[in-house]
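Student: I have a structure open and want to learn to read its features. Can we go through it step by step?

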Amino acid sequence: SDYFSSITGLEQLLHTEQILLSDLSSQLDAAKTVLLQLERELSAIKLEHALAAKGLENYLTNPVNVYRLMKRLHTDWPHVDSRVQQMSAQLRFNISQHYGLSFPSQEDVDGAALALVRLQSTYKLDVAQVAAGILNGIKYGTDMSWQDCFVLGQQLFEMEDYNNTKVWLRESMERLRRHQPRPSTPEPALLNSMETVAQSLFRMGDFDTAYELSQRVLELDPSRIRNWHLGDKAANLAHDGDEGAHSRQAAGYRLTQEFAHYEKVCRGEVGPSAAQQRRLRCRYARGRHAYRLLAPLKLEEHSLDPLVVSYHDMLSPQQIGELRAMAVPHMQRSTVNPLSGGQRMKSAFRVSKNAWLPYSTHPMMGRMLRDVGDATGLDMTYCEQLQVANYGVGGHYEPHWDFFRDSRHYPAAEGNRIATAIFYLSDVEQGGATAFPFLNFAVRPQLGNILFWYNLHRSSDEDYRTKHAGCPVLKGSKWIANIWIHEATQTFARPCDVFRDNEVSMGYDIIK
Ligand SMILES: O=C(O)CCC(=O)C(=O)O
Ligand SMILES: [Fe+2]
């Protein structure tokens, strides 16, 4: 399961389909050969009959013709019969025979549907364009059919995301209306679903979409008028006792101002103020290593308080290729700590795959750890293992803090996560920035760069301004490697302050 959350899983699915394709097409080729031959024999026999029809008596008094009629019926036809049998045996395409192959589960299909909708709503994409395979003006893929859009709408309905249900159903109906030539009558199962969804929408009070949907059903199959008993608005509303249940909305956080603002930051619609920007520099830095005199670090400041910076060109494409290859066999669906406590779990909040790798796995990983220490001056004694993560299209990580709010989640001797270093192991064609909604900027992944920031104040208190997120990946695939650095050994690297400087960030501790 979990094919939708990263690119590696999707490659497996593409492979599955390749096998099905080649299996079926070789069967079809074999069958076609037999068909062609049968057709030729058939027309030869038809010719005989045409001759016979010209003069029955003349034809049947010819001993050669008589013999051939006998032979045909006695030998040739049974032979035809056996070849037809044989051909249909060959055509026994059986999907369940391919038990060794990977198939997506309902959860995967739902995940992919959710991803599509997330992208469309985060980046305010025009549904008609998405359905046409166009992302921000560039055509990447094939059009979705009206059925595709309908099935997506139906899935959203089942997931109780009614706002998006409406958008996709309308797109589906629009495509159906424009369809040239007129579409042939679809399978009864699809028409039944359309009717069911229409009735539910009607009951929920979305009369327009319900009406549109029922109209299209009727056009496709006029006999369905017999099912036209949706009743009138008033009667339905009066009887609807469980309206509350139907209009239940998906997760509260996504409906907040804060979330809307985060999405704006992802789209690049808001940025830091001019005054903020004026104080920021791109400069060469030396870190704490002498050789950096010759090979200085390329430092880019994103924010001075809290400190958020990028170090450019810290890994080469070759190193990154090796690193990703080492991580792939260990990648698993990412999990989060539930707020309610207890076991870590999968969540729509964080859609990606990751692997935890000890720094001893490869000398390069040890070097990455050392480089972060050298660049930032931090002590790297207590770091979590390297976490390599991959987000597929639609993959994201909603706004969160990296520090733990519950001290049971880290060993007391190591302290909380004082800082985060993200190595970008890929560029991303569109989307996928690391966004800091409270700081009003987003950092675009750039292959080989490190993004670094402090999660804690000097007083050791959590810095709530550091809330950040991985914006949904719109096009491409995003790879990162995280190093989380803990606090306990930083006494000299980042002396703590007795002055409680946490007050500046308290107001950002908004829990929805
Ligand atoms: O994907 C990103 O840009 C951010 C990742 C992140 O915040 C995390 O893994 O904790
Ligand atoms: Fe994070």
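Student: Which residues in H1 meet H3, and which residues in H3 do they meet?
Tutor: Keep in mind that this is a predicted model. On the H1 side, the residues are Gln27, Ala30, Ala31, Val34, Leu38, Glu41 and Ile45. On the H3 side, they are Arg72, Val80, Arg83, Met87 and Gln90. By class, the contact of H1 with H3 has seven nonpolar, two polar and three charged residues.

Student: At what angle do H1 and H3 pack?
Tutor: General idea: two packed helices are described by the angle between their axes and the distance between the axes. Here helix H1 covers residues 7–54 and helix H3 covers residues 63–90. They pack at about 160°, with axes 9 Å apart. That angle makes H1 roughly antiparallel to H3. The crossing of H1 past H3 is left-handed.

Student: Now H8 and H9. How far apart are their axes?
Tutor: Their axes are 8 Å apart, and the packing angle is about 155°. H8 is residues 188–204, and H9 is residues 207–220. H8 and H9 are therefore roughly antiparallel to each other. Their crossing is left-handed.

Student: Which residues make the contact of H8 and H9?
Tutor: H8 brings Leu191, Met194, Glu195, Val197, Ala198, Leu201 and Phe202. H9 brings Phe207, Thr209, Ala210, Leu213, Ser214, Val217 and Leu220. By class, that contact has 11 nonpolar residues, two polar and one charged.

Student: H9 also packs with H7. Are those two roughly parallel or antiparallel?
Tutor: Take the angle first. The axes of H7 (residues 162–178) and H9 cross at roughly 30° and come within 10 Å. Angles under 35 degrees count as roughly parallel. H7 and H9 are therefore roughly parallel to each other. This crossing is left-handed.

Student: What residues are in the contact of H7 with H9, and how do they divide by class?
Tutor: From H7 come Lys166, Leu169, Arg170, Met173 and Leu176. From H9 come Thr209, Glu212, Leu213 and Arg216. The classes are four nonpolar, one polar and four charged. Thr209 and Leu213 of H9 are also among the residues that contact H8.

Student: On to sheets. In what order do the nine strands of the open sheet lie?
Tutor: General idea: strands of a sheet pair through backbone hydrogen bonds, either parallel or antiparallel. In this sheet the order is E3-E4-E5-E15-E11-E18-E9-E8-E6, and the pairing is antiparallel. Strand E3 (282–285) and strand E6 (332–333) stand at the edges with a single partner strand each, so one side of each has no neighbour in the sheet.

Student: How many bridges join E4 to E5?
Tutor: Five bridges join E4 (residues 297–303) to E5 (residues 308–312), and the two run antiparallel. One pair to look up is Glu300 with its bridge partner Ser310 in E5. In the loop between E4 and E5 you will find Pro306. The peptide bond from Asp305 to Pro306 is cis, with omega near 0°.

Student: What is the order of the five-strand open sheet?
Tutor: E7-E10-E16-E13-E14, with antiparallel pairing. The edge strands are E7 (350–351) and E14 (441–443), each pairing on one side only. Two bridges join E7 to E10 (residues 396–400). One bridge partner pair is Val351 with His396 in E10.

Key:
Residues numbered from 1 in each chain as written. Chains lettered and ligands numbered in written order. Predicted model: local features only at pLDDT ≥ 70, side-chain atom pairs only at ≥ 80, totals over all residues. Axes fitted to C-alpha atoms, helices over the stretch in contact; angles between N-to-C directions. Helix = DSSP H or I, 4+ residues; strand = E, 2+ residues; numbered from the N terminus. Parallel < 35°, antiparallel > 145°, perpendicular 65-115°, else oblique. Left-handed = near helix turned anticlockwise from the far one by under 90°. Contact = placed C-beta atoms within 7 Å. Nonpolar A, V, L, I, M, F, W, Y, C, P; charged D, E, K, R; others polar. Pairing = 2+ DSSP bridges.
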